[in-house]
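Please walk me through this structure. Begin with a pair of strands, then move on to the pocket and the cavity.

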Amino acid sequence: MRLGPAVALTAILLGCTLHADPARFVSSRDLPRDVAGLGGLSGLEVSEDGATFTALSDRGMLFSGAFTREDGAITGMAIDRATRLFGTGGGPLVGTRNDPEGLAIGSDGTIHISFENRHRVDAYDAALSQVTPLPRAPEFLKLQPNSGLEALAIDPQDRLYAIPERSGHVKRPFPVWRLEGDTWQEVFDIPRRPPFLPVGADFGPDGRLYLLERHFSGLGFTSRVRAFTLDGDRITAEEEVLKTRTWEYGNLEGLAVWQDDTGAIRLTMVADDNFMDVLPSQIVEYVLPLAGAPQTH
């Protein structure tokens, strides 16, 4: 979701700290400001070893690069590729067609990108030389403007899932659609727990579905990550693994979940600066404790 300037400018630094959560802070790093077009990042994928990343801008740019790490913490990053997305006719994405939000990369390198306003999902080949529009579910046409298919995720079976930012009512759960052949099927719902709204998702190496959610209070952003255990197409457990305080970070919108060399699960997130200097553009990373390890707060 793209925030208006008046809303974004009211986000004031409050200097708050994170309260106790299952997740432990690892590192935070501002993105370089000298890369042309870098900003508005709303989607993120990280390689299995945590070394490289792909980030999606809501102005139709895809960036790839590598992290520099020391003792597991991010100490720097470099952008090695910036590519402008194109439409099915080969021309640039313009107007309401150019509002990408969700990013998910399949095991074969196919890059899936969801768009809101013109609610759809397009699939690009790994070289970003071809684009294929995926089928559109009738339900996509009923989604609210600027609040559409915000989150994409691919499960261990390489199946693509899409989650909208809004469900239409505060008491209505968020539908989760999965692409089955050429048809989107609503496979389950995620309980809506206000005031947070979905902005990013990923399946972790533990098989759980991780959902990044955001709330803007008028004073700043708060973020939450919930993890859902699935049995087939049924949620059997829900856990809140992270919740930040107001304006502890910027507008976190993209989430990548991976496993480090200790076996612990990492949550790597990217903040959308809305192309405004008042908002941070940053990578934030947390680690979940290993199963059976003692937790300290």
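In this predicted model, strand 14 and strand 15 (residues 209-216) run antiparallel and are joined by six bridges.

Next comes the open space. The largest pocket has a volume of about 620 Å³. It is lined by 23 residues, and the closest to its centre are Glu 45, Val 46, Glu 48, Ile 105 and Val 257. Strand 14 is among the elements that give two or more residues to this lining, and the others are strand 2 (41-46), strand 3 (52-57), strand 6 (100-105), strand 10 (149-154) and strand 18 (252-259). By class, the pocket lining has 11 nonpolar, seven polar and five charged residues.

The structure holds one cavity of 30 Å³ or more. The largest cavity has a volume of about 50 Å³. Of its 14 lining residues, Gly 43, Leu 103, Leu 152, Gly 200 and Ala 201 lie nearest the centre. Strand 2, strand 6, strand 10, strand 14 and strand 18 each give two or more residues to this lining. The cavity lining divides into seven nonpolar, five polar and two charged residues.

Key: Residues numbered from 1 in each chain as written. Predicted model: local features only at pLDDT ≥ 70, side-chain atom pairs only at ≥ 80, totals over all residues. Heavy atoms only, no water. Pairing = 2+ DSSP bridges. Helix = DSSP H or I, 4+ residues; strand = E, 2+ residues; numbered from the N terminus. 1 Å grid on protein atoms, 1.4 Å probe; cavity = no way out; pocket = protein on both sides within 12 Å on 5 of 7 lines; lining within 4 Å. Points joined across faces, edges and corners; volume = space filled by probe spheres on them. Nonpolar A, V, L, I, M, F, W, Y, C, P; charged D, E, K, R; others polar.
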